[in-house]
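Colleague: I want to learn how to read a model like this one. Can we take it feature by feature?

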Amino acid sequence: MSAVPDFLYGTAWKEERTASLTELAIRLGFRGIDTANQRRHYFEAGVGQALVASYRAGVVARADIFLQTKFTYQRGQDHRLPYDPAASLAVQVEQSMASSLEHLGTDYVDSFVLHGPSASYDWTDDDAEVWEAMKKQRDAGRTRLLGVSNVSLEHLEQMAASHNEAPAFVQNRCYARLGWDRDVRLFCSERNIIYQGFSLLTANLEVLRHPVIAGLATKANVTTAQVVFAFARAVGMLPLTGTSSAEHMKQDLASREVTLSPELVRQIEALTVSGTNS
Ligand SMILES: NC(=O)c1ccc[n+]([C@@H]2O[C@H](COP(=O)([O-])OP(=O)(O)OC[C@H]3O[C@@H](n4cnc5c(N)ncnc54)[C@H](OP(=O)(O)O)[C@@H]3O)[C@@H](O)[C@H]2O)c1
C-alpha cells in the first residue's frame with residue numbers, strides 16, 4: 001500500500017479532460033491523486049479511466065498510487081447524486097463509497113475525506129453521524145485513512161470533543177492572508193494530522209506577485225509557484241496542485257528540490273501575515 005506522497009494532483013474542474021490529465025500527471029511522476037464523488041466539480045470515473053490506462057501501460061500498479069476521494073453532502077452536489085438522498089446519512093456514506101470504488105476500479109481508497117461539515121461554524125450531529133459512518137468504512141477496509149476538509153479551528157475542536165479519533169488529514173484552502181491557515185495548521189501539527197493545502201496559488205495571487213517572493217524566485221532561478229510549494233512543504237503541508245499544464249506539472253514536482261532556509265520560511269510566513277496587498 002502506498003505511503004502518503006509529498007504532492008497531490010487535484011482533479012477538480014477537468015471534466016472530459018480528467019482522464020488524460022490524470023494519466024499525464026501519473027506519467028510525469030505524481031503518485032497522489034485527489035478526487036471526490038461530487039460530479040458537479042469532479043469526474044471521478046475519469047480518474048478511474050486514467051488509473052486503468054496507467055496500469056495497462058505498466059507505469060504504476062494500484063499499490064503505487066495514493067488515492068483520495070470524498071463524501072459530499074447533498075447541498076454540495078447537483079442532481080447527479082452518488083447516493084439516495086432519502087436514505088440516512090450513514091447509508092449515503094456507504095453508497096457514496098461503493099460508487100467511488102466502482103468509479104475508481106478498486107476495492108479500497110487510501111483516504112476518504114468529509115468534503116465539508118454541514119454548518120459553517122459548528123460540528124453538528126449530522127457531521128458526527130457521517131464521521132462514524134466513515135469510520136465504519138475504514139474498519140471494513142474500504143479506506144486506509146480518514147480526513148475532513150473545509151474546516152475551521154472551531155470545527156476541529158468540537159470534533160475532537162465529540163469523537164475519540166482524530167482525522168489523519170485536514171484539507172483546507174490555504175490563504176496567505178490568514179497566516180497560511182496558521183491556527184488550523186498548529187492544531188494539526190500538535191496532533192500529527194497531515195495538513196493538505198489547496199488553492200495555494202489561486203488564493204494567493206498577491207503573494208506570487210510580492211517582491212520578496214519574486215526576488216527570491218529570480219535569485220534561485222525558479223518560478224514563484226515553485227517558491228510557494230517549497231514554502232508549503234517547509235512548514236509541514238502536503239500541497240495540492242490542480243494544474244492542467246504538462247510544464248507546470250513538471251515544475252511543481254521539481255519544487256521538491258527547492259529548499260528554503262528557515263529564515264526565508266519565516267520571512268514568507270511573516271510577510272503574508274502582515275498584509276499581502278503591498
Ligand atoms: N476540498 C475542497 O473543497 C477543494 C476545493 C478546491 C480544490 N480542491 C482540490 O485541490 C485541487 C487543486 O485546486 P487548486 O485550487 O489548488 O488549483 P487549481 O485552481 O485547480 O489550479 C491551479 C491554477 O494555477 C495555475 N498555475 C499557474 N502556474 C502554475 C504552476 N506552476 N503550478 C500549478 N498551477 C499553476 C493553473 O493554471 P495551469 O492549468 O495553466 O497550470 C490553474 O489555473 C483541486 O483539483 C481539488 O482536487 C479541493
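Modeller: Start with Cys174. This is a predicted model, and in it Cys174 counts as buried, because its relative accessibility is 0%.

Colleague: Is Cys188 buried or exposed?

Modeller: Cys188 counts as buried, because its relative accessibility is 1%.

Colleague: How many disulfides are there?

Modeller: The general idea comes first. A disulfide is a covalent bond between the sulfur atoms of two cysteines. Here the count is 0 disulfides. Cys174 is in none, and the nearest cysteine sulfur, that of Cys188, is 11 Å away.

Colleague: Which residues touch Met237, leaving aside its neighbours within four places in sequence?

Modeller: Cys174 is one of them. Met237 sits in the loop between α9 and β8 (238-241). Met237 counts as buried, because its relative accessibility is 5%. Now set sequence against space. Met237 and Cys188 are 49 residues apart along the chain, and their C-alpha atoms are separated by 10.0 Å.

Colleague: How many residues does the largest nonpolar core have?

Modeller: The largest nonpolar core has 64 residues. Val148, Val170, Trp180 and Ile268 have the most contacts inside it. Helix α9 (residues 224-234) gives the most to this core, with 6 residues. Another core, of 6 residues, lies apart from it, with Phe66, Phe169, Leu238 and Leu240 among them.

Colleague: What is Val170 in contact with, beyond its neighbours within four places in sequence?

Modeller: Val170 is in contact with Val148, Val151, Leu156 and Val184, among others. The list also includes Cys188, Ile193, Ile194, Tyr195 and Gln196.

Colleague: Now a helix. Which residues of helix α1 (residues 18-28) are buried?

Modeller: First, the pattern. An α-helix has 3.6 residues a turn, so residues three or four places apart point the same way. In α1, the buried residues are Thr18, Ala19, Leu21, Thr22, Leu24, Ala25 and Ile26. Their cover includes β1 (8-10), β2 (32-34), α2 (44-56) and α10 (246-254). Gly29 follows α1, with a positive phi near 130 degrees.

Colleague: Where do Asp181 and Asn192 lie?

Modeller: Asp181 lies in the loop between β6 (169-173) and α6 (182-190). Asn192 lies in the loop between α6 and β7 (194-198).

Colleague: Is Asp181 buried or exposed, and is Asn192 buried or exposed?

Modeller: Asp181 counts as buried, because its relative accessibility is 13%. Asn192 is exposed, with a relative accessible area of 74%.

Colleague: What about polar residues inside?

Modeller: Take Gln137, in helix α4 (residues 125-139). Gln137 counts as buried, because its relative accessibility is 4%. Not counting residues up to four places away in sequence, Gln137 touches Val93, Glu94, Met97, Phe112, Arg142 and Thr143. His210 is another case, in the loop between α7 (205-208) and α8 (211-220). His210 is buried, with a relative accessible area of 8%. A polar atom of the His210 side chain lies 3.0 Å from the backbone nitrogen of Val212.

Colleague: Last, the ligand. Which residues come nearest?

Modeller: There are 26 residues around the ligand, and Asp34, Gln171, Ser199, Thr243 and His248 come nearest. Then look at the polar distances. A polar side-chain atom of His248 lies 2.4 Å from a ligand oxygen atom. For Asp34, the distance from a polar side-chain atom to an oxygen atom of the ligand is 2.6 Å. For His115, the corresponding value is 3.3 Å.

Colleague: How much of the ligand's accessible area does the protein cover?

Modeller: On its own, the ligand has 890 Å² of accessible area, and the protein covers 79% of that.

Definitions and conventions
Residues are numbered from 1 along each chain as its sequence is written. This is a predicted model: local features need pLDDT of at least 70, side-chain atom pairs count only at pLDDT 80 or more; totals for chains, interfaces and linings use all residues. Side-chain values use heavy atoms; hydrogens and water are left out. A nonpolar core is a set of buried Ala, Val, Leu, Ile, Met, Phe, Trp, Tyr and Cys residues joined through side-chain atoms within 4.5 Å. Buried means under 20% relative accessible area, exposed over 50%, partly exposed in between (1.4 Å probe, protein chains only). Helices (H or I, at least four residues) and strands (E, at least two) are DSSP runs, numbered from the N terminus. Contact means heavy atoms within 4.5 Å. A disulfide is a pair of cysteine sulfur atoms within 2.5 Å. A residue is near a molecule or strand if one of its heavy atoms lies within 4 Å of it. A polar contact is a pair of N or O atoms within 3.5 Å; within protein, one must be able to donate a hydrogen and the other to accept it, and residues adjacent in sequence count only if both atoms are side-chain atoms. Accessible areas come from the Shrake-Rupley method with a 1.4 Å probe; for residues, only the protein chains shown count as cover.
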